[in-house]
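Good morning, everyone. Please put the structure up on the screen, and then we'll walk through it together.

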Amino acid sequence: MTSATTSTPWDREKAAEVIAAHQNLEGPALPILHALQETFGHVPEDAVPLLADALNLSRADVHGIVSFYHDFREAPAGRHVVKLCRAEACQSMGGHALAEGLLRRLGLDWGGTTGDGQVTIEPVYCLGLCACAPAALIDGRPLGRLNRERLDAAVNEARNDWSTP
Ligand code: FES
């Protein structure tokens, strides 16, 4: 599915509901964190003590999980999320230079968002598109055999809300 990111503003009751809905799963921390991120667009700092209490973990434990997994964001993403593959097949096909070039042109570090709030660049570690390396996912749309021109065009297309066919 191709869409810009959307999220619900912080709501303590909503967060408590999300936590309670997954709390009895085996190994509930990751499903809860995914559900929180799905709901709020990131894992809000205010959700950390709620989750820690619910799972009898320390806040440091929860922070450790959030920072260990690249999928979790500690701040809201921009309207469009560009995930650039940093795994081996893509790196061997020029993925590193491709990513570094885009980050440089946008003036961002990994996980950063453009000043207009439009584009966030995140790393991802294999999209299953190794045969089409280097690959990326933009707003959920898989893209392969990227070069600078194709990547810039796709990012611009996303910024224009995918209005071009
Ligand atoms: S290594 Fe990039 S898609 Fe698999």
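The chain is divided into two domains: domain 1 covers 12–68, and domain 2 covers 80–161. Keep in mind that this is a predicted model. How far apart are the C-alpha centres of domain 1 and domain 2? They lie 28 Å apart.

Now the secondary structure. The chain has 7 helices and 4 strands. Read the pattern along the sequence with me: α-α-α-α-β-α-α-β-β-β-α.

Next, overall dimensions. The C-alpha trace spans about 50 × 30 × 25 Å along its principal axes. What radius of gyration does the chain have? The value is 17 Å. A compact globule of 165 residues would have a value near 15 Å, so the chain agrees with that estimate.

How much of the chain is buried? Buried residues make up 40% of the 165 residues. Buried here means under 20% relative accessible area. The accessible surface comes to about 9000 Å². Of that surface, 50% belongs to carbon and sulfur atoms.

The chain carries 14 positive and 21 negative charges. Their mean positions are 8 Å apart.

Glu 17 sits in helix 1, residues 12–22. Is Glu 17 buried or partly exposed? Glu 17 counts as partly exposed, because its relative accessibility is 49%. Now look from Glu 17 to Leu 36. They are 19 residues apart in sequence. In space, C-alpha to C-alpha, they are 9.9 Å apart.

Move on to helix 2, residues 29–40, where you find Pro 31. Pro 31 also counts as partly exposed, at 26% relative accessibility. Which residues does Pro 31 touch, leaving aside neighbours within four places in sequence? The contacts are His 22 and Leu 25. Pro 31 is also 12 residues along the chain from Ile 19. Their C-alpha atoms are separated by 9.0 Å.

Now over to Thr 114. This residue lies in the loop between helix 6 (95–106) and strand 2. Thr 114 is buried, because its relative accessible area is 8% and the cut-off for buried is under 20%. What is Thr 114 in contact with, beyond neighbours within four places in sequence? Leu 106, Leu 108, Val 119 and Arg 159. For a contrast in distance, pick Pro 28. Thr 114 and Pro 28 are 86 residues apart along the chain, and their C-alpha atoms are separated by 33 Å.

Stay with strand 2, and follow the loop that leads from strand 2 to strand 3. Strand 2 is 119–124 and strand 3 is 136–138. Two residues in this loop deserve a look. The loop holds Cys 126. Cys 126 is not a glycine, yet its phi is positive, about 80 degrees. Cys 126 is partly exposed, with a relative accessible area of 37%. The loop also holds Pro 134. What is the peptide bond from Ala 133 to Pro 134, cis or trans? That bond is cis, with omega near -5 degrees.

There is another positive phi to show you. Arg 145 is a residue other than glycine, and its phi is near 50 degrees. Arg 145 is found in the loop between strand 4 (141–143) and helix 7 (148–159). Is Arg 145 buried or exposed? Arg 145 is exposed, because its relative accessible area is 54% and exposed means over 50%.

Last stop: Trp 162. Where is it? Trp 162 is found in the segment after helix 7. Trp 162 counts as buried, at 14% relative accessibility. Compare its position with Glu 122. Trp 162 and Glu 122 are 40 residues apart in sequence. C-alpha to C-alpha, they are 19 Å apart in space.

To wrap up, go back to the screen and find the two domains, 12–68 and 80–161. Then find the cis bond from Ala 133 to Pro 134. Then find buried Thr 114 and exposed Arg 145. Thank you.

Note on methods. Residues are numbered from 1 along each chain as its sequence is written. This is a predicted model: local features need pLDDT of at least 70, side-chain atom pairs count only at pLDDT 80 or more; totals for chains, interfaces and linings use all residues. Side-chain values use heavy atoms; hydrogens and water are left out. The radius of gyration is taken over C-alpha atoms; the globule rule is 2.2 Å times the number of residues to the power 0.38. Buried means under 20% relative accessible area, exposed over 50%, partly exposed in between (1.4 Å probe, protein chains only). Accessible areas come from the Shrake-Rupley method with a 1.4 Å probe; for residues, only the protein chains shown count as cover. Lys and Arg count as positive and Asp and Glu as negative; His and the chain ends are not counted. The place of a charge is taken as NZ of Lys, CZ of Arg, CG of Asp or CD of Glu. Domain bounds come from an automatic or database domain assignment. Contact means heavy atoms within 4.5 Å.
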